[in-house]
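Subject: Handover of a structure and its findings

Dear colleague,

Please find below the structure that I am handing over to you. I would ask you to look at it first and then to read the notes that follow.

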Amino acid sequence: MDSETREKIKKAVRELLEEADMNEMTEYKIRQLASKRLELDLSESKYKAYVRHVVNAFLEEQKAKEEEEEEEEAAGDDNNNNNNEFDDDGDLIICRLSDKRRVTLQDFRGKTLISIREYYKKDGKELPSSKGISLTEEQWSTLRKNIPNIEKAVRKMESHTM
């Protein structure tokens, strides 16, 4: 199929999806409506697979947008929460993993870092030790995206040791 036809199908399908009640709409209905709009039989296998691809891509984008909005809402709730805890350096403590370990959000030389680090006490102050890791936002994002793979590997490893 030529690129012009692909673009026309993609545009028509996406417009229909954006207008549709997603609780009622099916891929079959989208294909029928797009066929009428384009005056092209999209039930042919070469078109059918492409329509499915466009629908799936649209649904994945919508899911990602919803998750992003939920994260932003959660972050907004956290920012509006006056019960935030800060360490002696003014870094936001996201959570305490144990008495000595914590996750913090800090600004270091103009960069936002997520730190997972062990702390020690000296002269009544809790100070960060060299035991830990600080991740840039990009590294944190990469780690987050790979959590399912990490969990899968851990489960696999655990099943081999049992």
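A salt bridge is counted here when a side-chain nitrogen of Lys or Arg lies within 4 Å of a carboxyl oxygen of Asp or Glu. Please keep in mind that this is a predicted model. Side chains of opposite charge can pair when their charged atoms come close.

By this rule, the count for the structure is eleven salt bridges. One of them joins the side chains of Glu-71 and Arg-144, with an N to O distance of 2.7 Å. This pair links distant parts of the chain, since Glu-71 is in helix α3 and Arg-144 is in helix α4 (residues 137-145), 73 residues apart. Glu-71 is partly exposed, having a relative accessible area of 43%, and Arg-144 is likewise partly exposed, at 39%.

The side chains of Arg-52 and Glu-27 form a salt bridge at 3.3 Å, N to O. Arg-52 belongs to helix α3 and Glu-27 to helix α2 (residues 27-38), so the pair ties together parts that lie 25 residues apart in sequence. With a relative accessible area of 39%, Arg-52 is partly exposed.

The closest N and O atoms of Arg-96 and Glu-85 are 2.6 Å apart, and the two residues form a salt bridge. Because Arg-96 lies in strand β2 (residues 92-96) and Glu-85 in strand β1 (residues 85-86), this pair ties together parts that are eleven residues apart in sequence. Arg-96 counts as partly exposed at 39% relative accessibility, and Glu-85 is partly exposed at 38%.

Some salt bridges are connected to one another: Lys-11, Glu-15, Glu-19 and Arg-37 are linked in a network.

Where does negative charge gather on the surface? A patch of negative charge is made up of Glu-66, Glu-67, Glu-68, Glu-69, Glu-70, Glu-72 and Glu-73. Of these residues, Glu-70 lies in helix α3, which covers residues 45-80. Glu-70 counts as exposed because its relative accessibility is 52%, and the cut-off for exposed is over 50%.

Finally, I turn to the domains. The domain assignment of the protein chain gives domain 1 (3-76) and domain 2 (92-160). The C-alpha centres of domain 1 and domain 2 are 39 Å apart.

With kind regards

Key: Residues are numbered from 1 along each chain as its sequence is written. This is a predicted model: local features need pLDDT of at least 70, side-chain atom pairs count only at pLDDT 80 or more; totals for chains, interfaces and linings use all residues. Side-chain values use heavy atoms; hydrogens and water are left out. Patches are made of residues with over 30% relative accessible area and no salt bridge: like charges are joined within 9 Å, nonpolar side chains (Val, Leu, Ile, Met, Phe, Trp, Tyr) within 5 Å. Accessible areas come from the Shrake-Rupley method with a 1.4 Å probe; for residues, only the protein chains shown count as cover. Lys and Arg count as positive and Asp and Glu as negative; His and the chain ends are not counted. The place of a charge is taken as NZ of Lys, CZ of Arg, CG of Asp or CD of Glu. Helices (H or I, at least four residues) and strands (E, at least two) are DSSP runs, numbered from the N terminus. Buried means under 20% relative accessible area, exposed over 50%, partly exposed in between (1.4 Å probe, protein chains only). Domain bounds come from an automatic or database domain assignment.
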